[in-house]
Amino acid sequence: MILPCIDLMDGKVVQLVQGRDKALEGDAPLEMLRKFAAFPEIQVIDLDAAMGKGENSALVELLASRARCRVGGGVRTAERAGRLVEQGAHRVIVGTAAFTPALAQIAEAVGPERILIALDSKGGKVVVKGWQEATEFTAEQVIQRLEPYCSGFLCTYVDKEGMLQGTDLEWFRRLRAATRHEITAAGGITTIAEIRELAAMGIHAALGMAIYTGRLDLDELAELQ
């Protein structure tokens, strides 16, 4: 499955490089949904919520009411996870909270089947709090321990995020060998060949910058579904 990404910041659709620098703005959120209509599911990330700088709740609710969305960004409490599900989120993406006692509470509140855990890797280590803090462990070390709390993992190779330089297929191959849960790859995916190789591993692809810059054609991607 290919998942186009809608990242929200200050009420706008944006694309960042490595989670820091804004590279571009997309069209209005509903126009982006129209462009992505051929895809079965959309990935929506509230960047402001992820970074603790407010949130874009009204936009998230609007998008989740119009399309099947997995929603992330700042999901650090059972209350926020529950609210996103009430707003229409098909699944919620839990990052920072996956490494706190809140994870068990979130899983109890909405059910592991509605949870994707974000394992974001930078410099070989899992990073949290909007990719601003590094932990001391690797994704491969923790992935099996987290399986009971989720139905899948969103694994982002932050080192290449937004850079259009390709991703690290070997890292994803190691993750695939470590779990039987669903995996979605993100971070630097730039070519159809990479998407095909990930699909051959049984891994979904979440696409951002390559779509927004036109490096990947939406019609061609839709045919791969």
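The model is predicted, so to speak of local features a pLDDT of at least 70 is needed, side-chain atom pairs count only at pLDDT 80 or more, and totals for chains, interfaces and linings use all residues. Residues are numbered from 1 along each chain as its sequence is written, and side-chain values use heavy atoms, with hydrogens and water left out.

**Stop 1: Lys12 and Glu25.** Select these two side chains to see a salt bridge (a side-chain nitrogen of Lys or Arg within 4 Å of a carboxyl oxygen of Asp or Glu), here at 3.7 Å, N to O. Lys12 belongs to strand β2 (residues 12–17) and Glu25 to strand β3 (residues 21–25), so the pair ties together parts 13 residues apart in sequence. Strands (E, at least two residues) are DSSP runs, numbered from the N terminus. Lys12 is partly exposed at 40% relative accessibility, and Glu25 is partly exposed at 41%. Here, buried means under 20% relative accessible area, exposed over 50%, and partly exposed in between (1.4 Å probe, protein chains only).

**Stop 2: Arg70 and Glu182.** Now pick Arg70, whose salt bridge with Glu182 has its closest N and O atoms 3.1 Å apart. This pair links strand β5 (residues 69–72) with strand β11 (residues 182–186), 112 residues apart. Arg70 is buried at 0%, while Glu182 is partly exposed at 22%.

**Stop 3: Arg91.** Arg91 sits in strand β6 (residues 91–94), 91 residues from Glu182. Salt bridges with shared partners join Glu41, Arg68, Arg70, Arg91 and Glu182 into one network.

Notes: Helix = DSSP H or I, 4+ residues; strand = E, 2+ residues; numbered from the N terminus.
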